[in-house]
Amino acid sequence: MSVYRGFTALMVAAALLGALAGGWGPSPAAGQAAGVFRTPLGGEPPTIDPYFATDFSSGDLTLLMYNTLVGFDGAGRLVPEAAKSWDVSPNGLVYTFHLRDNVYFHSGRKVTAADWKWSFERMGDPAVKTEVGDVVVGGVAGYDAQQSGGGGLAGIKVVDPLTLQIVLNPNSRGGFLNRLAYYAAVVLDRDVVERGGKSWFAAHDAGSGPFTMREWAHNDHVSMARDPRYFLGAPKISGVEMPVVTQAQTRLSEYQAGQLDLVAVPLADFQRIKSDAVMGKELLVFPRAQIIWLGPNPRVYEPFKDARVRRAFALAIDKAKIARTVFFGFYQPAASIVPPGIPGFYSGYKGLPYNPAQAKKLLDEAGMTGKLPPLTMAINPIAGDYQMAAEATAAMLKENLGVDVRLQRAEFASFQQGMNRRTVFASFMTGWAADYLDYSDYLDLLLYSKSPLDRVSYANPEFDRLVDQANAAATDAARTALYHKAEALAVEEGAMIPMVFTQFALLKKPYVQGLQTTGALSGYLKFNTVSIQK
Amino acid sequence: MLRYLAYRVALMVPLLLGTALLIFLAGHYAPGDPVQVLLADHYTPSAAAHLRHELGLDRPLAAQFAAYVAHAARFDFGVSYINPDRRVADIVRQTLPISLRLAALAVAAAAVCGIALGVCAAVFRRSLADRLIQLGVLAGLSVPSFVVAAGLVLLFALRWRLLPVAGWGHPADYALPVAALAAAPVAYITRISRASVRQVLTEDYVRTARSKGLPAGGILARHVMRNAALPIVTTIGLAFGYAITGAFVVEVIFNIPGMARVAVDAILQRDYSVIQTAVLVYTAICTLVNLAVDLSYAALNPRIRY
């Protein structure tokens with residue numbers, strides 16, 4: 001028996017020792033190493049392959065580790081990035097980029113025009129099935145042939161190692177330069193990608209950005225070191241620590257405790273933080289290029305086929321009240337679709353005002369008074385904002401039009417698929433944030449009849465014609481005027497119902513200097529200008 | 001003993017098979033299609049049919065289950081539906097040790113504190129110390145771990161800035177989550193220790209030892225504790241099960257990259273392959289803990305034989 005007793009004791013001791021051993025390395029968030037900037041990721045990044053980086057965590061990492069040909073500054077203006085300058089042909093279809101000669105991949109190899117060509121061809125390669133190919137290189141000559149198995153992109157030419165020429169199709173969408181500023185339109189180090197296999201990004205990055213990946217501890221943190229050879233000057237901070245913190249409240253507590261230097265403020269905490277003597281001074285509030293909108297789907301909900309019904313729904317929703325009471329006045333009621341912060345914002349446009357009497361009259365005209373069947377409204381689950389907007393909207397539609405609205409929650413993947421299929425949800429409450437600061441990122445993507453993201457099946461030839469004309473316009477002013485006409489048409493037909501424009505609320509420690517903010521993405525630009533002055 | 005051990009281990013096979021069947025059927029009949037999740041925006045009927053065939057999802061249910069069990073027996077749980085580049089076995093390998101370490105630390109802390117407090121309360125029965133300990137036990141049993149966690153963060157991290165709010169890896173990171181997870185087990189172990197020690201203290205052989213003039217400490221250590229140990233050990237075993245499941249809350253609150261937090265994320269994202277594996281792994285752990293507790297009976301009391 002004593003042998004068994006000894007054996008059991010040994011087992012228990014071994015189990016305890018095994019459980020206790022290991023993992024005593026430094027915690028990324030516990031203390032701040034010299035010059036390390038700390039800001040959280042909201043979740044485990046599914047990938048760091050930029051061409052698949054469509055979630056915020058992956059996007060945040062891509063932004064810091066990679067480079068685009070052109071970028072934008074804090075005011076939303078296009079600025080040179082890996083290309084020092086560019087020429088556009090008089091017909092607006094040929095772009096010639098003159099590349100900087102001091103851009104290096106993190107592997108040490110110089111970036112050349114051939115790398116850009118290979119990268120853009122990979123982006124459009126139908127075998128790779130990237131998430132961003134259609135957005136960035138969809139208008140490049142030869143793209144359709146590539147989709148049919150034609151190999152490379154005929155429209156991209158290497159003129160010499162530092163000159164890249166891109167030829168567009170005559171009918172390509174406008175805003176091409178803006179789309180090149182999309183954080184995912186980056187150059188990749190071919191050697192790293194090809195050598196690393198399918199999951200090449202797990203151990204190395206293939207970038208040329210200001211920071212290079214040092215460690216990716218799954219579900220825990222990503223740490224990055226500065227690249228001293230970064231072509232716009234070595235970053236002033238030694239690195240960036242991004243712990244994965246899934247709970248917004250935990251992120252805020254970590255900031256309060258000094259474990260993080262920059263965080264987003266949860267909407268529910270905004271008023272408290274604003275009136276806090278210390279944190280109120282650390283608050284950064286600025287417009288976000290994002291709209292929360294209601295999508296009426298005529299394919300599923302028969303009454304929405306009549307534009308008068310969609311318009312009635314839009315008139316029956318008091319957006320100002322939702323902005324004031326549901327979102328504490330932190331968000332602004334949206335009259336138009338494209339938010340402030342996008343160049344050409346339609347600031348004078350009034351949209352459809354709250355007018356329940358007019359809404360009832362329109363329903364009468366459509367012969368739908370008292371006949372509207374119950375409506376299901378799916379809610380994007382990724383943020384609480386959508387649920388809050390949906391609940392208020394459902395109550396207003398019941399009160400003003402007598403329609404029963406049932407709210408439907410789905411997990412994010414199912415919600416995305418349901419929207420994309422177009423035959424699943426009768427309506428949905430969701431948002432759209434700018435990937436790049438251009439009108440086309442909204443109207444062209446969300447409502448043009450041939451866009452894969454036209455989830456409300458808006459197929460108005462007049463709207464398409466206006467967008468086509470805008471894309472072919474000779475000047476920015478003419479382009480904006482045509483886009484405004486298209487936008488007003490879509491709003492007044494209730495193609496999509498704009499609810500509110502959102503804002504960013506970030507908390508930044510006072511010792512962090514030089515942070516550049518933007519209305520796009522997570523609200524900040526690359527951290528190469530940031531310094532820590534304690 | 002060896003026969004008993006073999007019997008208990010053999011008994012685990014049908015238990016784990018039953019669990020696997022239940023979670024397999026739940027995954028199969030629950031809303032949502034893994035093929036849709038994997039293909040996301042690249043979904044087309046032909047791509048879906050191809051992938052369905054590749055994953056074996058077009059085979060009869062029994063054949064799918066048999067394949068699932070065969071793979072699971074080799075610790076091959078497939079890929080995560082949300083992050084298809086990651087194998088579930090790798091996720092388990094990276095995150096399970098963290099959860100086990102957290103649970104082991106919590107149980108170890110709870111055992112030390114609980115036994116000490118329980119013995120103290122039993123020895124000094126009806127004293128002020130006993131009453132204070134009983135009050136603490138009541139609080140420990142009544143207050144849920146997420147409330148304890150919030151209170152600890154508020155005081156120790158935000159107000160006094162003594163410990164980190166969240167994180168994992170640095171020794172200081174361990175204090176608050178271990179304390180939050182240990183709070184209820186401390187109460188349980190204290191209560192059981194007090195009752196058990198109290199009962200043994202009234203036994204004739206203890207009175208005899210006292211009358212022989214043996215020192216009180218010696219009586220407690222050599223006679224009382226040994227005979228009072230069985231229910232205490234049982235409670236510690238149960239506490240380990242509590243700590244493993246309690247980690248689902250604590251790991252989320254303290255942002256610990258353990259398997260419990262990954263499982264919670266998987267549930268929120270309907271990542272069925274991760275959910276199924278987490279259930280299977282936790283079932284196996286709880287079964288093994290129960291077995292270890294049963295075996296420890298024999299180790300502690302020679303009169304118990306299997």
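## Helices 1 and 12 of chain B

Helix 1 and helix 12 of chain B cross in a right-handed manner. A crossing is called right-handed if the near helix is turned clockwise from the far one by less than a right angle, and left-handed if anticlockwise. The model is predicted, and local features need pLDDT of at least 70, side-chain atom pairs count only at pLDDT 80 or more, while totals for chains, interfaces and linings use all residues. Residues are numbered from 1 along each chain as its sequence is written, chains are lettered from A and ligands numbered from 1 in the order in which they are written, and side-chain values use heavy atoms, with hydrogens and water left out. Helices (H or I, at least four residues) and strands (E, at least two) are DSSP runs, numbered from the N terminus.

The axes of helix 1 (residues 2–29) and helix 12 (residues 272–300) of chain B come within 10 Å and cross at roughly 160 degrees. Axes are lines fitted to C-alpha atoms, for helices over the stretch in contact, and angles run from 0 to 180 degrees between N-to-C directions. Helix 1 of chain B is therefore roughly antiparallel to helix 12 of chain B. Angles over 145 degrees count as roughly antiparallel, under 35 as roughly parallel, 65 to 115 as roughly perpendicular and the rest as oblique. Contact means heavy atoms within 4.5 Å; the residues that make it include B:Tyr4, B:Leu5 and B:Arg8 of helix 1 of chain B and B:Tyr272, B:Gln276 and B:Asp294 of helix 12 of chain B. By class, this contact of helix 1 with helix 12 of chain B has 16 nonpolar, six polar and two charged residues. Ala, Val, Leu, Ile, Met, Phe, Trp, Tyr, Cys and Pro count as nonpolar, Asp, Glu, Lys and Arg as charged, and the others, Gly among them, as polar.

## Helices 5 and 11 of chain B

Helix 5 (residues 88–123) and helix 11 (residues 259–269) of chain B pack at an angle of about 125 degrees, with their axes 7 Å apart. These two helices of chain B are therefore oblique to each other. B:Ile91, B:Val92, B:Thr95, B:Leu96 and B:Ser99 of helix 5 meet B:Met259, B:Ala260 and B:Val262 of helix 11 of chain B. The contact of helix 5 with helix 11 of chain B has six nonpolar, two polar and no charged residues.

## A sheet of chain A with antiparallel pairing

Strands of a sheet pair through backbone hydrogen bonds, either parallel or antiparallel. In chain A, four strands form an open sheet in the order 4-5-7-6, with antiparallel pairing. Two strands pair if DSSP finds at least two bridges between them. Strand 4 (83–88) and strand 6 (156–160) of chain A are the edge strands, each pairing on one side only. The twist averages 20 degrees from one strand to the next.

Strand 6 and strand 7 (residues 163–167) of chain A pair over four bridges, and A:Ile156 stands opposite A:Ile166. Helix 3 (residues 113–124) of chain A lies across strand 5 (94–99), strand 6 and strand 7, at about 175 degrees to strand 6.

Another open sheet of chain A has four strands in the order 1-10-9-8, with mixed pairing. Six bridges join strand 8 to strand 9 of chain A, which run antiparallel, and A:Thr212 stands opposite A:Ala225 in strand 9.

Helix 2 (residues 56–65) of chain A has nine of its 10 residues buried. Buried means under 20% relative accessible area, exposed over 50%, and partly exposed in between (1.4 Å probe, protein chains only). The buried residues, among them A:Ser57, A:Asp60 and A:Met65, pack against strand 8 (211–217), strand 9 (221–226) and strand 10 (239–243) of chain A.
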